[in-house]
Each structure stands twice: as structure tokens, then as C-alpha cells.
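Me: Could you take a close look at one part of this protein for me, the aromatic rings and how they pair up? I'm new to this, so please walk me through it.

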Amino acid sequence: GQAFLFVGGGGHCFGGRLRKDMVTLDGEMNEMQGLVDFHEGTWVHKYNGKYYLSYPDNHMEGGVQYNRLHYAMSDSPLGPWEYKGIYLEKTDCDTSHGSIVEFKGQWYAFYHGCQISQMGNLRSICVDRLFYNPDGTIVPVIQRDRCDLPRK
């Protein structure tokens, strides 16, 4: 029942509590601690009493820059956060941001891909089922092949 605001970029993520008007901050924005390789695109969700903060990195490999999706867990929506790792490896897209939502008892990971456009910066939405381990950590998402879409 409590709303929070999360913003960030360039390696820094901030979070704060919102008042009931959903516009005014209820206190200061604080930097989230415990994140590894944070870039931008924060998403927070709650599962089985734990909070999950997920975000893309800004990974560089072989002169190519791309995003993987990381996450951290906490007992509080404002941390401190315990880094848990990567739950989605790079896609065929230059950038990927994500979200995790529950629908009718099943959890889903949404993220970017470019199988339709075949252009790294022209993103489409991808979705795959997401699962949790018994200890609450996220099972890495397996990206399904979406290349079977009809082509014009």
C-alpha cells in the first residue's frame, strides 16, 4: 500500500518514499547500496515478503556494448540490497531494460529484443516465464527463439 520512487543512471540509483498524493516525496531520496554494475532502468517488485531491485548493466565485451539484467534482494523496499547476480543474459538488442510481474499466479520477465526489426536499436517487447528457487533467488531466464514470426 506504500508507493516509492526509484530513479538513476550513470552508476547511481536512488529511492524514496512517496506521500499519498503520489507526487510529493516523504523525506529524502537515498542512494541504493549493494548494487553491482548498475546502469539505469530500475524495476522493483515483491515476492514472498522479499523485495527485488532489477536493472541493466552497461557491459562491454570485445568492443561491443550491451546490457544484461541483474538483480538484488532486500527485506526493505529501500535496501540495503544484497546483490544476487544476472537473471537475463544479453539479447540480440543493443540495449535491454526489463520488468518482472505476476499475472494469474505465474511470474513473467519482460525485456527488449530486436528479432522483428533486425536492428539493434529498434526494440520490441519480449516476455518469458520467470521462476524462483526455493531460497527466493531467481532462476536465470531462458530466452525463447522468436524468429519464427512471419516476415514480410
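**The aromatic rings up close**

Reply: Let's begin with two residues that are tucked away: Tyr47 and Trp107 are both buried. Bear in mind that we're looking at a predicted model. Its protein chain averages a pLDDT of 89, and 90% of the residues score at least 70.

So what's in there? Searching the whole structure turns up 8 aromatic pairs. One of them is Tyr47 with Trp107, an edge-to-face pair with 5.6 Å from centre to centre and 90° between the planes. This pair ties together distant parts of the chain: Tyr47 belongs to strand β4 (residues 43-47) and Trp107 to strand β11 (residues 106-113), 60 residues apart.

Now for Tyr52 and Tyr71. Their planes are at 25° and their ring centres 6.2 Å apart; planes under 30 degrees apart count as stacked, so that's what this pair is. Here too, distant parts of the chain are linked, with Tyr52 in strand β5 (residues 50-56) and Tyr71 in strand β8 (residues 69-74), 19 residues apart. Tyr52 and Tyr71 are both buried as well.

Step back and you get a cluster: ring pairs join Tyr47, Tyr52, Tyr71, Tyr87, Trp107 and Tyr132.

Lys90 places its charged end over the ring of Tyr66, 4.6 Å from the ring's centre.

One caution while you're exploring: over residues 147-152, pLDDT stays under 50, and the model has 5 contacts beyond four places in sequence for them.

Definitions and conventions. Residues numbered from 1 in each chain as written. Predicted model: local features only at pLDDT ≥ 70, side-chain atom pairs only at ≥ 80, totals over all residues. Heavy atoms only, no water. pLDDT = per-residue confidence, 0-100. Contact = heavy atoms within 4.5 Å. Phe/Tyr/Trp six-rings, centres within 6.5 Å; stacked < 30°, edge-to-face > 60°. Helix = DSSP H or I, 4+ residues; strand = E, 2+ residues; numbered from the N terminus. Buried < 20%, exposed > 50% of the residue type's maximum accessible area, 1.4 Å probe, protein only. Lys NZ or Arg CZ within 6 Å of the ring centre and 35° of its normal.
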